[in-house]
Amino acid sequence: MQPFEELLKNNREWAARMVEQDKDFFKRLQDQQAPKFLWIGCSDSRVPADRITNTEPGEIFVHRNVANMVVHTDMNLLTVLEYAVKVLEVEHILVVGHYGCGGVKAAMGNQNLGIINPWLKHIKDVYRFNKDEIDALEDADQQVDRLIELNVKEQVMNLAKTITVQEAWHKHKRPYLHGWVYGLKDGLINPVFDMDPGTHIDPLYEYHL
């Protein structure tokens with residue numbers, strides 16, 4: 001059996017098991033989705049949003065990319081954000097990194113990774129802004145993990161700079177923004193940063209609404 005065929009077999013078994021446990025399971029999913037959360041996570045295969053939060057299909061709206069970035073020219077991310085906030089009316093947006101992230105580690109070095117270079121440049125900027133604090137740590141793994149935490153915080157700040165979030169804060173007093181880091185070693189999520197609706201940022205980035 002080819003690896004992809006194993007996935008199809010697993011899917012059939014899972015679907016049958018869901019119906020056996022709850023005959024209306026798929027009918028409910030088909031009729032609507034009403035998640036309270038938008039998850040912006042890393043593409044790393046070891047960090048599945050539903051598994052590590054023990055949630056069911058329909059509970060979390062998910063966007064993933066390398067190193068859980070919020071880049072203001074990324075129309076994919078901005079489209080997901082707009083839909084989640086204005087249509088699904090999510091109450092919380094979670095930016096979720098993970099310790100040991102290869103993307104963040106790569107951004108701290110000088111290896112030429114081709115088309116990935118422009119993406120990692122955004123993380124390099126976070127490193128440059130916080131270089132003294134990070135380089136003061138003696139252990140290389142600690143340096144990477146600290147940049148992972150600071151990068152998550154920066155991406156939450158990037159969310160707060162978007163017109164989508166600012167309009168929702170102004171009109172609806174939502175969503176709450178959260179920065180988390182998941183531990184591959186222990187499976188635990190470490191909350192590192194939060195922003196309540198209406199939190200003031202540098203006035204330069206605040207739109208007149």
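Contact here means heavy atoms within 4.5 Å. The model shown in these views is predicted.

View 1. Helix α8 spans residues 140-160. The strands that helix α8 lies across are β1, β3, β4 and β5. Relative to β4 (176-182), helix α8 runs at about 160 degrees.

**View 2. Five strands form an open sheet.** The strand order in the sheet is β2-β1-β3-β4-β5, and the pairing is mixed. Strands β2 (60-65) and β5 (189-195) are the edges, each pairing on one side only. From one strand to the next, the twist averages 20 degrees. In general, the strands of a sheet pair through backbone hydrogen bonds, either parallel or antiparallel.

**View 3. Strands β1 and β3 run parallel.** Strand β1 covers residues 37-42 and strand β3 covers residues 92-98. Five bridges join β1 to β3. Opposite Ile40 stands Val95 in β3.

View 4. Starting at the N terminus, the order of elements is α-α-β-α-β-α-β-α-α-α-α-α-β-β. A box of roughly 55 × 50 × 30 Å, taken along the principal axes, is filled by the C-alpha atoms. Of the contacts between residues at least 6 apart in sequence, 62% join residues at least 24 apart.

**View 5. Surface and charge of the protein chain.** Of the 209 residues, 37% are buried. The chain exposes about 12700 Å², and carbon and sulfur atoms supply 52% of that area. There are 23 positive and 31 negative side chains. The centres of these two sets lie 3 Å apart.

How values were computed:
Residues are numbered from 1 along each chain as its sequence is written. This is a predicted model: local features need pLDDT of at least 70, side-chain atom pairs count only at pLDDT 80 or more; totals for chains, interfaces and linings use all residues. Side-chain values use heavy atoms; hydrogens and water are left out. Two strands pair if DSSP finds at least two bridges between them. Helices (H or I, at least four residues) and strands (E, at least two) are DSSP runs, numbered from the N terminus. Axes are lines fitted to C-alpha atoms, for helices over the stretch in contact, and angles run from 0 to 180 degrees between N-to-C directions. Buried means under 20% relative accessible area, exposed over 50%, partly exposed in between (1.4 Å probe, protein chains only). Accessible areas come from the Shrake-Rupley method with a 1.4 Å probe; for residues, only the protein chains shown count as cover. Lys and Arg count as positive and Asp and Glu as negative; His and the chain ends are not counted. The place of a charge is taken as NZ of Lys, CZ of Arg, CG of Asp or CD of Glu.
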